[in-house]
Amino acid sequence: MRLAFILGEIGSGLRRNLSMVVSVILVTFVSLTFVGAAGMLQMQINQMKGYWYDKVQVAIFLCNESSTSAGCASGAVTDEQRENLGKMLESPAVKQYISDFQFESQAEAFQHFKEQFSNSPIVDSVTQDQLPASFRINMKDPEKYQIISETFSSQPGVETVSDQRQVLERIFVWMNGASVVAMGIAVVMIVCAVLLITTTIRLSAFSRRRETGIMRLVGASKTVIQLPFILEGVIAAVIGALLASGTLWLVTLWLNGDLSRQFLNTPFISSAQVLVVAPVLIALGGGLAGIASLLTLRRYLKV
Amino acid sequence: MRRVRRGCRRVMIRFENVTKVYDPNARPALDDVSLEIDRGEFTFLVGASGSGKSTFLRLILKEDRATSGSVYVAGQNVANISSWRVPRLRRGIGVVFQDFRLLPQKSVFANVAFAMQVIGKSRSIIRETVPEVLKTVGLEGKEKRMPHELSGGEQQRVAIARAVVNRPGILLADEPTGNLDPITSMGIMGVLDKINQNGTTVVMATHDDDIVNEMRRRVVELRNGVVVRDEAKALYTSMIPVVGESRLLKDASDEELDRATGAQQ
């Protein structure tokens, strides 16, 4: 009975304040979309970093059957060549620059590739043979990359020596900048949303002061009096959060559709990852609205 | 005039040296008021505007806190009631106002049912109780009317029904006949009397001398926050001439002054 009563009160409150409620929904929608976008940019950066990014700096890719570079004219790397390269990495001349290294076999490379590109159609068309085995090197001083590159790129069995960081770092700087801007806009919009919720709840409390006055006099509990107002704000904010989540989901669909066909070498975050962001957005929207409503009621609704 | 204090159980409302100060620079709204109202008693609270009647009622409801002294309702010191238990106190007290305070978009039935819904009474109990109470206040068959379709007296009856539907032990009425003509007012007094007969303690603040004189109940007169008269079966204006009356009356409103002198002549 009491639940039905509270729900009825919420319904009438939402109807009476429709224009304000719609504006709350829209403002939370926009602000949370920016919050979500910032979060998903960070997820995208992690996705692009792949397995090795945070662990090593330099990779020495070895020839495989399909390598086309000049160094691989004699075909795939032989076991002998590989052991040779391993010995070179252990030799004092090279060892002084590196702190440690690991060998990634084709099988392991394929495993990591599948993980990184799990959302991409490319994963189905790539086989283990097409991926190069590699030595992954952790530098004592990343600036000394040139020395490694010069020493190894001309060795037999080496396809290429690359510093993946240098390529990705520039993109990441841009993406981090974008996520900071998105976060900044989000903060401003969240302030707007909170102020708007405060005003809406205040209006709502004012327009229903007759009811709440009577509720107080006949001894309704604080919960019964305040809950409809708080839920009004929370419901509006949660609708906004759901719209934001939906928008972000559409963005991931676009990333994995059109965009992933254009940039086959870039792994994109999946639509499923929206499921990680959405609960955060809903909790954030609902929580902020709840707190804003509660504080407003404490000032404007005597119980 | 103090009444002899009877057994504690019989006392419904007790004021012990209660002082209420709203503005430290002005005189207190209530000044060292001590008073007892028994269970089942009908008490008129009379006095000019600003004499402290409304403050008296607000203190019973714990809408305000006494500056000093204690207020006991049903044996409980209201100062010791924690804020989350105040609703329980108020469930035991019904309140009626001069301006009815009905919800305009709700029917008569819904207005009365509202008081039960918000404290979580079940639908079946509401369906059972509301018609009974409407019958008590003389509004049988008017359940579906909207407040604007009712006369002032009928609206006040709805308000009374709402105040007593949860069977409170106390009914506070703040000038319930203030907006009504004399005949309608007498009808309302009949309803309040009937509720009082059923055992509810009624405290009614009023300016209406006709009603007070007609009913012949206990009268407590406040002036400038002080109890100046407390008589059983009394009239609106005291029969006993008070020395220095004219000086005291200077503080009262003109209307009060006219009434007081008119009754003495």
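Guide: Helices (H or I, at least four residues) and strands (E, at least two) are DSSP runs, numbered from the N terminus. This is a predicted model, in which local features need pLDDT of at least 70, side-chain atom pairs count only at pLDDT 80 or more, and totals for chains, interfaces and linings use all residues. Residues are numbered from 1 along each chain as its sequence is written, while chains are lettered from A and ligands numbered from 1 in the order in which they are written.

Visitor: How many residues separate A:V181 and A:E211 in sequence, and what is their C-alpha to C-alpha separation in space?
Guide: They are 30 residues apart in sequence and 45 Å apart in space, C-alpha to C-alpha. A:E211 is one of the buried residues of helix α9 (residues 209-217) of chain A, which also include A:I214 and A:L217.

Visitor: What covers the buried residues of α9(A)?
Guide: The cover includes α10 (222-262) of chain A, together with α2, β6 (93-97) and α3 of chain B. After α9(A) comes A:G219, with a positive phi near 85°.

Visitor: How many residues does each chain give to the contact between chain A and chain B?
Guide: Chain B gives 18 residues and chain A gives 14 residues; two residues are in contact if their C-beta atoms, placed from the backbone, lie within 7 Å. On the side of chain B, α2 (86-91) and α3 (108-117) are the elements that give two or more residues. The largest share, 4 residues, comes from α2(B).

Visitor: And which helices pack together within chain B?
Guide: Helix α5 (residues 152-164) and helix α6 (residues 182-197) of chain B pack at an angle of about 15°, with their axes 9 Å apart. Axes are lines fitted to C-alpha atoms, for helices over the stretch in contact, and angles run from 0 to 180 degrees between N-to-C directions. α5(B) and α6(B) are therefore roughly parallel to each other, a term for angles under 35 degrees. Among the residues that make the contact are B:I160 of α5(B) and B:V191 of α6(B).

Visitor: Where is B:N17, and what is its phi?
Guide: B:N17 is in strand β1 (residues 11-20) of chain B. Its phi is positive, about 45°, although B:N17 is not a glycine. Most residues other than glycine have a negative phi. B:N17 is exposed, because 12 other C-beta atoms lie within 10 Å. B:D32, in strand β2 (residues 30-38) of chain B, is likewise not a glycine and has a positive phi of about 55°.

Visitor: What is the mean pLDDT of chain B?
Guide: The mean pLDDT, the predictor's confidence in each residue from 0 to 100, is 87 for chain B, and 86% of its residues reach 70 or more. Over residues 1-8 of chain B the pLDDT is below 50, and over residues 244-252 of chain B it stays under 50. Where pLDDT is low, the predicted coordinates should not be read in detail.

Technical notes. Angles under 35 degrees count as roughly parallel, over 145 as roughly antiparallel, 65 to 115 as roughly perpendicular and the rest as oblique. A residue is buried if 20 or more other C-beta atoms lie within 10 Å of its own, exposed if 12 or fewer, and partly exposed in between; C-beta atoms are placed from the backbone.
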